[in-house]
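These are notes for a colleague who is opening this structure for the first time. The numbered points below are meant to be followed with the structure in view.

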Amino acid sequence: MDISEFEDLNPEQLEAVTDCSRDNLLIIAGPGSGKTHVICSRIRYLIKHLNVPPEKILVVTFTRDAATAMQKRFQASDASQSQVEFGTFHSIFYQILKQSNAKFCERLATEKTKRSILRCLLSDKGLISNGKIITNEELSGIVSAISYYKNTGNTEGAVKKLDEAYAECFEDIFYGFEKRRKEERLMDFDDMVKDCGEMLKGNPKIGKYWSERFSYILLDELQDINPAQYDVIKLLKGDGTLLFGVGDDDQSIYGFRGAAPECLMDFQRDFNARLIKLNINYRSNEEIVEKSLSVIDENKNRYKKALRANAVSLRGDNGENIKNVEIKGFVGREEEYSYIAEKIKERTEGKIAVLFRTNTFMAGLADILDKEKIKYTMKEKRSNIYEHFIIRDIFSYLRLAYGHVERDKYAENLYDIINRPLRYINREAVYKAASIDDIKAYYMRQPAGSVPHISERIGELNKFKKDVRYMGGLSLFLAVKYVFKSIGYEKYLYSRADFRERAQEFSEKMEWIYDEAKKYESFEEWLYAKEDYERRLSENDEADKGDTEEDEASRVSLMTVHASKGLEFDTVFIADCNEGSFPHGRMQDTDVIEEERRIFYVGMTRAKSRLELLYQTGTKSRPRMRSRFLNGLEG
């Protein structure tokens, strides 16, 4: 058999492409090991050399972009075989439902629709009676818990994402929500998986048809699969179907969505799959591969690998060794980001990316790049950080304290903060108020006994007035600190953090506010900076609309590590390599630390030639700890 067309493959890749015995295969594909090339080559091999009809081949990827890119890449090499089915888990399961189920739920449920269903459901169950107002954020938390449960079947994990008031009756809420969703013929992405699995299990005739529909199923990014998706794949695999799973347990970073690297680990056992490891990294040079491997080797629950680089490390002009991986510390975030901007200006060639753990502090770097006239792009849409409710609340307090509230907008400014923290002040009392004394007067006008605990409410208003007056005499930074600590806004926030990720998000927003407050001498200066930021944000959005693909490629990329997955850059900066960012949060258990280490590893392995890991030392009064993931990398 002539397989000369595959002569560019290394021995392990060739084995993965041509081994089409009756074994299922699990391919452990390290970073930059050519997994997409292997998948496309295997499809060609199946069709050309084994005469497998293209329509009997199913290729499932994790994202729509990946499915489209892989399909284009395959068709570029063999445009005649367009009948091969490419799609994401969700799109494939959606089509199966659509073609098989007469009671198909055809309407897509938006986040707003799901919140509306929940609001009615909770009201009917008496969980938001007595005038209690449930916020969109609380409803979104319940939606998130329902989604997690659908993807994992893990009730305990779902309940951890909920406020205590809803945790005890989660099961009742879940089944009530599902009943109403189906009555209204609604479906979201999680339901495409869940409903497909239920249909294949519940209807033997339909299940038999689909288990015989494909002879070969190729699964990309197997490490990102969740238990619900894994169960449906089991149902699609008939006796004559061969599975080809490709993934890397070291790059499983979507635990917050319910992804479980255990599915990849179980694949070998569940399907008696033969294991092939692709251990050559064609992307990164020797030093980057060596350093990243020393980080991920600390994880225990993984396949051991012997990765090696195909590319040699960079050398100096005289052939001397130079550092391809550098670790640098800075006193604060502004110094760190200014350094990044300077380094970007020095480099005139190659693709550059700056990676963050979350997008909270990305705006700070973008702000500096704007001022330096350095063009950049964000994979995630750049949001206005001043629109976050925490920043809006702090600004409302500061406007009152420093007298920046117009009389006719006093009530509007008060609405958001009068019960943050809780003071039991009715919204009606605030309506049209032009001062705190107006709110007190409202309560004084009420008939005796009509408002419970009226003296306590007036007492809270007196304290609020005193706090606001006191803040007006403080510096900007101390005024912000007073709101968080003395007024109790920080304690209020953490009482609202219904799961660990929310608590960390709130912590990051508070850290951002503290950092910003230090920059300005007055609130007026901060307001001006806010207006300037929002103006530049709007200008950049308009400018981006006219960009060509070439313009996009030449820009510096700012993104989270999660958004960078599957991409590669000549130079990568990983920002804020401190405890709290890498790993994210505090007091994590072993499983969380292992996922956080995988996230850091994914960031490191995006770099081809140069990698810079940057952290903050802090000051004597407010020291910062650098990330534990940097330990041992300088040797």
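1. Leaving aside neighbours within four places in sequence, Thr 155 is in contact (heavy atoms within 4.5 Å) with Tyr 149 and Phe 170. Thr 155 lies in helix H7, residues 155–159, where helices (H or I, at least four residues) and strands (E, at least two) are DSSP runs numbered from the N terminus. Thr 155 counts as partly exposed because its relative accessibility is 35%, given that buried means under 20% relative accessible area, exposed over 50% and partly exposed in between, with a 1.4 Å probe and protein chains only. The C-alpha atoms of Thr 155 and Leu 414, which are 259 residues apart along the chain, are separated by 39 Å.

2. On the basis of these notes: this is a predicted model, in which local features need pLDDT of at least 70 and side-chain atom pairs count only at pLDDT 80 or more, while totals for chains, interfaces and linings use all residues. Residues are numbered from 1 along each chain as its sequence is written, and side-chain values use heavy atoms, with hydrogens and water left out.

3. Six strands form an open sheet in the order E3-E2-E6-E7-E1-E8, with parallel pairing; two strands pair if DSSP finds at least two bridges between them. The edge strands, each pairing on one side only, are E3 (85–88) and E8 (274–278). Strand E2, residues 57–61, pairs with E3 in the parallel sense over four bridges, and Leu 58 has Glu 85 in E3 as its bridge partner. Helix H4 (residues 89–100) lies across E2, E3 and strand E6 (216–219), running at about 110° to E3; axes are lines fitted to C-alpha atoms, for helices over the stretch in contact, and angles run from 0 to 180 degrees between N-to-C directions.

4. Helix H10 (residues 189–202) and helix H12 (residues 227–236) have axes that come within 9 Å and cross at roughly 35°. Their contact involves residues including Val 193 and Leu 200 of H10, and Val 232 and Leu 236 of H12.
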